[in-house]
Amino acid sequence: MTVYVDIIWLLNWLFDCLLLYWTAIILKRRVPLWRLVAGGLVGSFIIALAFTSYSALTDNIYMKLLFSVFMVLTVFGFIRLKLFLKTLMTLYFVTFLSGGILLGLHYFFSFQVAEMSTSTQMGMNRFGDPMSWLFVALGFPLAWQFSKRMLDGMEMTKLNYDQIVTVTVEVADFKVEFQGLIDSGNQLYDPISRSPVMIASIVGQESHIPADMLGLFENPDTILQEGEMTNYTWAERIRVIPYKVVGQSHQLLTAIKPDSLRIQYDEKVYEVERGLVSFTLQQLSAENTYQCIVHPKMLTGIPVPNAS
């Protein structure tokens with residue numbers, strides 16, 4: 001029997017990429033395409049190892065687990081141990097679910113107990129029921145789509161305000177895109193213009209912010225100490241917002257009037273004309289799932305056509 005090692009390796013690389021992609025979808029985490037490709041490549045190395053003098057290692061459960069760990073680290077990185085273990089378990093869940101669906105379809109359509117010969121039984125006991133690569137190549141995408149739709153349908157319904165949206169903010173030469181969480185608990189308004197205020201973390205974007213504004217975002221009380229705002233780079237855009245925190249007296253928050261504020265939500269794009277953005281140097285999500293907290297009032301207008 002002729003074995004085409006390169007084809008087997010290429011198919012495994014492709015399937016590993018798809019499994020990692022599905023894992024990212026279930027976890028609702030965005031990862032670059034190159035990371036998915038690199039993670040799939042790492043996982044496919046175990047197939048290449050099977051055709052070397054170290055082939056015995058590929059049957060070792062610890063070696064299989066080690067390859068899985070490196071795949072997850074390559075694609076998702078390491079943030080916290082709990083999140084890493086959750087990602088690893090999700091990858092195994094996706095793998096077992098896909099394999100189970102393919103195996104079930106194979107037996108459902110082609111396996112017949114009554115016509116099974118003695119030689120076939122021996123072959124199954126020794127090597128397992130042979131499943132063609134063509135069947136796997138065609139069946140895997142179908143299994144993936146079926147499972148994804150079923151999981152989406154079984155996912156617990158959340159309130160409309162607890163949704164992740166894409167937010168684009170432009171201030172002068174500074175333009176950044178965030179993942180935002182619509183939070184019904186955010187009722188922060190500018191007391192004068194009654195414009196809703198969004199909280200956005202600029203962690204990782206510090207080099208693109210003017211140094212004087214960066215200092216102001218870090219310590220908004222400096223406005224009270226200096227008594228004026230005219231010496232700041234974005235002076236004409238600055239708004240001072242008073243707010244209350246439970247257990248504390250009145251606090252001050254600096255907000256910026258952006259040149260453009262767009263929110264993409266549920267395939268609709270909202271152009272926020274009266275919104276303000278308060279930048280902070282604190283990370284809003286421990287897992288970095290979102291970088292800003294969106295005021296629900298910002299999505300009450302009429303969406304504009306999506307150019308994309």
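The model is predicted, so local features need pLDDT of at least 70 and side-chain atom pairs count only at pLDDT 80 or more, while totals for chains, interfaces and linings use all residues. Residues are numbered from 1 along each chain as its sequence is written, and side-chain values use heavy atoms, with hydrogens and water left out. Helices (H or I, at least four residues) and strands (E, at least two) are DSSP runs numbered from the N terminus. Buried means under 20% relative accessible area, exposed means over 50%, and partly exposed is in between (1.4 Å probe, protein chains only).

**Nonpolar patch**

- Leu66, Phe70, Leu73, Phe78, Leu81 and Leu85 make a nonpolar surface patch of about 560 Å².
- Patches are made of residues with over 30% relative accessible area and no salt bridge; like charges are joined within 9 Å, and nonpolar side chains (Val, Leu, Ile, Met, Phe, Trp, Tyr) within 5 Å.
- The areas come from the Shrake-Rupley method with a 1.4 Å probe, and for residues only the protein chains shown count as cover.
- Helices α3 (61–76) and α4 (81–110) each supply at least two residues of the patch, and α3 gives the most, with three.
- Phe70 lies in helix α3 and counts as partly exposed because its relative accessibility is 44%.

**Helix α2**

- Helix α2 covers residues 33–49, and its 17 residues should span 24 Å at 1.5 Å a residue; the expected span is 1.5 Å times one less than the number of residues.
- The buried residues of α2 are Leu36, Gly39, Gly40, Val42, Gly43, Ser44, Ile46, Ile47 and Leu49.
- An α-helix has 3.6 residues a turn, so residues three or four places apart point the same way.

**Salt bridges**

- The whole structure holds four salt bridges, each being a side-chain nitrogen of Lys or Arg within 4 Å of a carboxyl oxygen of Asp or Glu.
- Glu236, Arg237 and Asp259 are linked in a network of salt bridges.
- Arg237 is buried, because its relative accessible area is 14%, whereas Glu236 counts as exposed at 57%.
- Another salt bridge joins Glu271 to Arg262, with the closest N and O atoms 2.4 Å apart.
- Glu271 is partly exposed at 30% relative accessibility, and Arg262 is partly exposed at 28%.

**Positive phi angles**

- Ala172 has a phi near 55°, a positive value in a residue other than glycine.
- Ala172 sits in the loop between β1 (164–171) and β2 (174–182) and is partly exposed, with a relative accessible area of 41%.
- Arg194, also not a glycine, has a positive phi near 60°.
- Arg194 is in the loop between β2 and β3 (197–201) and is partly exposed, with a relative accessible area of 49%.
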